[in-house]
Amino acid sequence: MCLDDKKNYLDKMPQLLKEWQASAEKDNIYKNQGNPCANIFISDGIAHPDTWFAQEIRPLFVLKEAYDKSGEQKPWDEVKWFLTTKEENGDESGGKTGKIRVQTWKNICQWSSYIYEGNYDCDTVWENKNLGKIALINIKKYGGCERSSSKDLQKHAEKYSKYIYEQIRLIKPTIIICGYTGWLLDIVWEKASNNKQAIRKNCCGGHVYDVPEINAKLIDFWHPSARIKGLKGAFIADVDIALERTDTNETNDVCK
């Protein structure tokens, strides 16, 4: 385990999220959207730092926004709700009514299982141990709608790029799985990274990109709620490229 990385995360992440929330509230850009949860700050990050920083493979899922239709107008933590067990957090986990989208989390569970075990099966989502070994962040930290607004997400990526960039650096993933958010991370990287260049630059084949600045691979993939033919095969192929389980010279160059 890299104790320095873990300590850095535990020391800095709470303050980063606090500053992010204060900045967004000052900007007042989430008011009056017609969604009762649009003003609620939703935290995210690593489920279990002890496990995470001891792992050789550290998959970070980057999604668009948390969808909360529960009407509970109070801050909540998506990691505690979905990536930890009921034994750890009592009622504060496990897909409470109003905060659950089964297809999304079933795919994340299957994808996590393949990353860690080479097995795509996930019979019982909320009891699957692999969910507790991943990290998850949303580009937008406030309650979204059933259908995301690209314009709204772009505005958030532009305005809070420094926070998104720093959060990813603190998490230190070795593989980033974008749920239709690669274009948003391009914006973040162009504004906040050291070289001010898009993150989707160095193609490795499939939908995989090399991100040398943080020593990680990025999979520019569909959102986990997607129901499309060939999703399983495409994800398996991309993970095999990213984790070097296959010869990239034999892989069709899909990304440009």
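The dialogue below goes through the terms applied to this predicted model and the values behind them.

User: What are the ground rules for the numbers?
Analyst: This is a predicted model, where local features need pLDDT of at least 70, side-chain atom pairs count only at pLDDT 80 or more, and totals for chains, interfaces and linings use all residues. Residues are numbered from 1 along each chain as its sequence is written, and side-chain values use heavy atoms, with hydrogens and water left out.

User: What is the mean pLDDT of the protein?
Analyst: The mean is 84, and 79% of the residues reach 70 or more. The scale is the predictor's confidence in each residue, from 0 to 100. Over residues 92–100 the pLDDT is below 50. That stretch still has 31 contacts (heavy atoms within 4.5 Å) beyond near neighbours in sequence. Where pLDDT is low, the predicted coordinates should not be read in detail.

User: How many helices and strands does the protein have?
Analyst: There are 9 helices and 9 strands. They are DSSP runs, numbered from the N terminus: helices are H or I with at least four residues, strands are E with at least two.

User: Why are H7 and H8 called roughly perpendicular?
Analyst: Helix H7 (residues 161–171) and helix H8 (residues 182–192) pack at an angle of about 100 degrees. Angles of 65 to 115 degrees count as roughly perpendicular; under 35 is roughly parallel, over 145 roughly antiparallel, and the rest oblique. H7 is therefore roughly perpendicular to H8. Their axes are 9 Å apart. Those axes are lines fitted to C-alpha atoms over the stretch in contact, and angles run from 0 to 180 degrees between N-to-C directions.

User: Which residues make the contact between H7 and H8?
Analyst: H7 supplies Ser 161, Lys 162, Ile 164, Tyr 165 and Ile 168. H8 supplies Leu 185, Val 188, Trp 189, Lys 191 and Ala 192. They divide into 7 nonpolar, 1 polar and 2 charged. Ala, Val, Leu, Ile, Met, Phe, Trp, Tyr, Cys and Pro count as nonpolar; Asp, Glu, Lys and Arg as charged; the others, Gly among them, as polar.

User: What makes H8 largely enclosed?
Analyst: Buried means under 20% relative accessible area, exposed over 50%, and partly exposed in between (1.4 Å probe, protein chains only). In H8, 8 of the 11 residues are buried, so the helix is largely enclosed by the rest of the structure. Leu 185, Val 188, Trp 189 and Ala 192 are among them. In the protein, 52% of the 256 residues count as buried.

User: How do you know which cysteines form the disulfide?
Analyst: The criterion is a pair of cysteine sulfur atoms within 2.5 Å. Cys 109 and Cys 122 sit at 1.7 Å, S to S. The structure holds 1 disulfide. Its torsion about the S-S bond is about 85 degrees, so it is right-handed. Cys 109 lies in helix H5 (residues 102–117), and Cys 122 in the loop between H5 and strand S5 (135–140). Cys 109 has a relative accessible area of 1%, so it is buried. Cys 122 is buried too, at 7%.

User: Why is Asn 8 called partly exposed?
Analyst: Its relative accessibility is 28%, so Asn 8 counts as partly exposed. Asn 8 is in helix H1 (residues 3–27). Not counting residues up to four places away in sequence, Asn 8 touches Met 13 and Leu 170.
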